[in-house]
Amino acid sequence: MNPTVFIIDDDADQVALVTAQIERGRQFATKGFTRPESAIEEIRADPPDAVVCDLVMPGMDGIAFVRRVREIDRSLPIIIATARGTEGDAERALEAGATDFVTKPIEPRALETRIRRALEQAPREELLQSFTQAKFDPHAIIGRHPLIEEVREFIANVGSVPQVSSLLLGESGTGKNLVARAIHAASRAAGHRFVEVNCAALPANLLEAELFGYEKGAFTDARQAKKGLVEVADGGTLFLDEIGSMPLELQAKLLTFLESRAFRRIGSTREQSVTLRVVAATNTDLQGEVARGGFREDLYYRLNVASQTLPPLRAIRSDIPEIARHFTKRAAEYFAKPLPEIEPESEERLQRYDWPGNARELRNVIERSMIFSRGPRLRIVELAPFAPPAAAEPATDGLVLPSGLTLDEVEARYIDETLTRLGGNVTAAAEQLGVSRKVLWQRRKRHGLLTGRE
């Protein structure tokens, strides 16, 4: 059975012409409409396989039509027909959710090609959209606190604007990754890839190669050309996590890319362009880093087009029971256990605790409690005490710090004091600080603590 295509145009002669052209190839069945409202009613009752709709119509134009249809069907192929010279309007139609557009006068073979291509892509797009929406629906973000409502509103506003750069701030464990994915799901990029890059996980040279790719022979181990993650994310969203850890020399290249959406692979002279959304996130005080020279001011302002600080759990205590129940349900499914009810006294303890690790710590506490749970009630096994025991003697050789320091300043002073106390022994300092020599070197570099020999 041939696919059915709806043809919509307020000009009855144009409907008849396009219908005749398409049916001549005997590949499609058609149905014509001169009123978009009638077409929408038919789409609800008996949806077609694709739609070709004129852009300029009295009453409901093509853009409004697309928006109405997308409320009914997110994956139905819709091709907009526009007069030559109105490509700007066509772009607005694409932003509203149209699949493609053709220019008038319509060339039959070109239209048939675009319909076939849209029909081939429709099942894949429907699968991708259903997966993304099911897993990362912004409305699934849990909580009713006004601060959570602000986050939802931010997701909706940013998601509705194509290619805008956005910056997510907040403590570790507040869900920046989840919000970035929700922004992706709320945008037209939802059917394309969401690519995450942890800027703190790689040194500058490897991070540049991962982001922008390289050509064969660009360096010793480049035995073949490789796409960078920027290319992989084309059409979708690039999530730059821990952006505050990006080395200064790479920040300049990232700024150039954000300004133009153009880049060159390492070892190439050919410039390439991509269309994607960039979301950056950090738990670092970027303004403080800018003041200290650790982060470029121009890059900060370029990323900070739209920013949102995610609230820590202690700021939304009224939502903690609901979030805990969500993690309990997930843990029960994962451990194949009956879903228990959190004991009232345990729920109160969860609300009183300050959660320095935020939602990530809460999830771990729930999972640990589920492992040892028996019966229909879930008892919270432990909450890590953050204050020292009352009987503990104050340390006499500790580092005394003034109030008002940022976390970065505290870290820098502590690293410096540890190295001084250990006579500059980097290996011993790294062991005492619980990190590798490499991580310690990176932290010292970031804080300007390296000596000239290093």
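1. Ser318 is placed in the loop between β12 (306–309) and α13. In this predicted model, Ser318 has a relative accessible area of 51% and is therefore exposed, the cut-off for that class being over 50%. Its contacts, not counting residues up to four places away in sequence, are with His145 and Gln351. Ser318 and Gly143 lie 175 residues apart in sequence, yet their C-alpha atoms are 8.4 Å apart in space.

2. Some totals for the chain set the context. The protein chain contains 18 helices and 14 strands. It has 454 residues, of which 42% are buried. If contacts between residues at least 6 apart in sequence are taken, 68% of them join residues at least 24 apart.

3. An open sheet deserves attention next. Five strands form this sheet in the order β2-β1-β3-β4-β5, and their pairing is parallel. β2 and β5 (100–104) are the edge strands, each pairing on one side only. From one strand to the next the twist averages 20 degrees. Between β1 and β2, which run parallel, there are five bridges. Ile7 has Gly32 as its bridge partner in β2.

4. Two helices may be described by their position on this sheet. Helix α1 (residues 12–24) lies across β1, β2 and β5, and runs at about 175 degrees to β2. Helix α3 also packs on the sheet, where it touches β1, β3 and β4 (78–83). The direction of α3 makes about 175 degrees with that of β4.

5. Which residues of helix α2 (residues 36–45) are buried? They are Pro36, Ala39, Ile40 and Ile43. These residues are on the same side of α2 because they cover an arc of only 100 degrees around the axis. The face turned away from this buried side carries the exposed residues Glu41, Arg44 and Ala45. The buried residues of α2 pack against three strands and a helix, namely β1 (4–8), β2 (29–33), β3 (50–54) and α3 (62–72).

6. The aromatic rings form eight pairs by the rule applied here. One of them joins Phe6 and Phe33, with 4.9 Å from centre to centre and 55 degrees between the planes, and is classed as tilted. Since Phe6 belongs to strand β1 and Phe33 to strand β2, this pair ties together parts that are 27 residues apart in sequence. Both members fall under the 20% cut-off for burial: Phe6 counts as buried at 2% relative accessibility, and Phe33 counts as buried at 9%.

7. The pair of Tyr334 and Phe335 has ring centres 5.3 Å apart and planes at 75 degrees; the angle is over 60 degrees, so the pair is edge-to-face. Are its members buried or exposed? Tyr334 counts as exposed at 69% relative accessibility, whereas Phe335, at 28%, counts as partly exposed. Elsewhere, Phe212, Phe257 and Phe263 form one aromatic cluster.

8. The largest nonpolar core has 37 residues, and those that touch the most other members are Leu168, Val179, Ile183, Leu350, Trp355, Leu362 and Ile366. At least two residues of this core come from each of α6 (146–159), α7 (176–185), β11 (277–282), α13 (320–335) and α15 (358–371). Which element supplies the largest share of this core? It is α13, with six residues. Ile366 illustrates the contacts involved: not counting residues up to four places away in sequence, Ile366 touches Ala324, Phe327, Thr328, Leu350 and Ile380.

9. Another core, of 29 residues, lies apart from the largest one. Its members include Val197, Leu211, Phe212 and Leu303.

Notes:
Residues numbered from 1 in each chain as written. Predicted model: local features only at pLDDT ≥ 70, side-chain atom pairs only at ≥ 80, totals over all residues. Heavy atoms only, no water. Buried < 20%, exposed > 50% of the residue type's maximum accessible area, 1.4 Å probe, protein only. Helix = DSSP H or I, 4+ residues; strand = E, 2+ residues; numbered from the N terminus. Arc of directions from axis to C-beta. Contact = heavy atoms within 4.5 Å. Phe/Tyr/Trp six-rings, centres within 6.5 Å; stacked < 30°, edge-to-face > 60°. Core = buried A, V, L, I, M, F, W, Y, C linked by side-chain atoms within 4.5 Å. Pairing = 2+ DSSP bridges. Axes fitted to C-alpha atoms, helices over the stretch in contact; angles between N-to-C directions.
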